[in-house]
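Subject: Handover of a structure and its findings

Dear colleague,

Please find the structure below. My findings follow it.

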Amino acid sequence: MTSPASAAEALKSARRVVVKIGSSLVVEADSRGPALGWMASLAEDIASLRTGGRQVILVSSGAVALGRGRLGLEKNARLDEKQAAAAVGQSLLMQAWEQALTPRGMTPAQVLLTRDDTERRRRWLNARATIEALLKLSAVPIVNENDTVATEEIRYGDNDRLAARAAQLARADLLILLSDVDGLYTDDPRRNPSARHLPVVDTLTPEVLAMAGGANTEADVGTGGMATKLEAARIARSAGCATLIVSGLTTRPLAAVAAGARA
C-alpha cells in the first residue's frame, strides 16, 4: 500500500502482476448475473498491460455468487449448497471472462486451487509450473478457489489471501486488490464520513489492523473485507511483492491507477 504517485510507478515497473477481483465487482447485485460491461473494461486494462510487456494473472471471485443466483439460493446456504453453487457458477464465471478477454486477443485459462495446493510443497511446485507454462503461452491464468471440493478444513474462504498466495507462488512483483473502497481508512468510510484515507502503510501494527472493518454486507455477494486485504498484504510482502488496494467501482480501474488514482 502506497501513495498515488508511487502506485502508478509500482504498476509501471512491475513485470508480473496479480489482480484480484471481488464478487461485488464481478456480480451485479440486482440481476445476480455477471457484470459484463465492467469485466470488458478490465479486459481493456489487461490488454494494455500485456502490450506494455507485463504478465497478468487474475484471481477472480464470483463463482458461488453466480451459482447462488442461478439456483435461487440465499447467502446463508449450507456448505454442500455452496459447493453446488460453485459447480454451477464456475462455468458461468469462465464464460463471462471468455466473453471479456477473447475479443481482445487473450486466452483465459482456469486454475482452481485449494489451500493444500499452496501449502504443500509438491502441489505448490505443480501449480507454479502450470502457471509458468500458461504465461509462456500468453494465456491469462484465472485463479479461483476450488469450492466444489474444498472442505471447511482446507478452504481459504476468501480470495484476498488466495490472491496473496498466488502472487507468492507466481513470484509476482505487484498484487492489486480491486475493492469497493479505494484503500485503507482509519474507519469504514461507508459508515463514517470523517474516516481518513491512509495512502501508505509501512508496518501492519495492531493499531492498523484494528482499523479494518468487515465485508460489504450490503452487496450480499462477498466474503472478504479490509481485514483479509491487510492479511493478504502481509503475505505478499513476505515474498517481496508490493500490494495496492484500489477501487474497482469505476471502469478501467488499472488505467486509473496508471493515471494517478488514489490507492
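In what sense do β5 and strand β8 pair, and over how many bridges? The two strands pair in the parallel sense over six bridges, where pairing requires that DSSP finds at least two bridges between two strands. Strand β8 covers residues 242–247; helices (H or I, at least four residues) and strands (E, at least two) are DSSP runs, numbered from the N terminus.

This is a predicted model, in which local features need pLDDT of at least 70 and side-chain atom pairs count only at pLDDT 80 or more, while totals for chains, interfaces and linings use all residues. Residues are numbered from 1 along each chain as its sequence is written, and side-chain values use heavy atoms, with hydrogens and water left out.

Strand β5

Six of the six residues of β5 are buried, that is, under 20% relative accessible area with a 1.4 Å probe and protein chains only. Leu 174, Ile 176 and Leu 178 point one way from the strand, and Leu 175, Leu 177 and Ser 179 point the other way. Ser 179 lies in β5, which spans residues 174–179, and has a relative accessible area of 5%. Leaving aside residues up to four places away in sequence, the residues that Ser 179 touches (heavy atoms within 4.5 Å) include Leu 25, Lys 229, Ile 245 and Val 246.

Helix contacts

The axes of helix α3 (residues 36–51) and helix α5 (residues 79–101) come within 8 Å and cross at roughly 55°. Axes are lines fitted to C-alpha atoms, for helices over the stretch in contact, and angles run from 0 to 180 degrees between N-to-C directions. That angle makes α3 oblique to α5; angles under 35 degrees count as roughly parallel, over 145 as roughly antiparallel, 65 to 115 as roughly perpendicular and the rest as oblique.

The axes of helix α7 (residues 121–136) and helix α8 (residues 159–170) come within 9 Å and cross at roughly 75°, and α7 and α8 are therefore roughly perpendicular to each other. Residues in this contact include Trp 124 and Arg 128 of α7 and Arg 165 and Leu 169 of α8.

Yours sincerely

Terms used
Buried means under 20% relative accessible area, exposed over 50%, partly exposed in between (1.4 Å probe, protein chains only).
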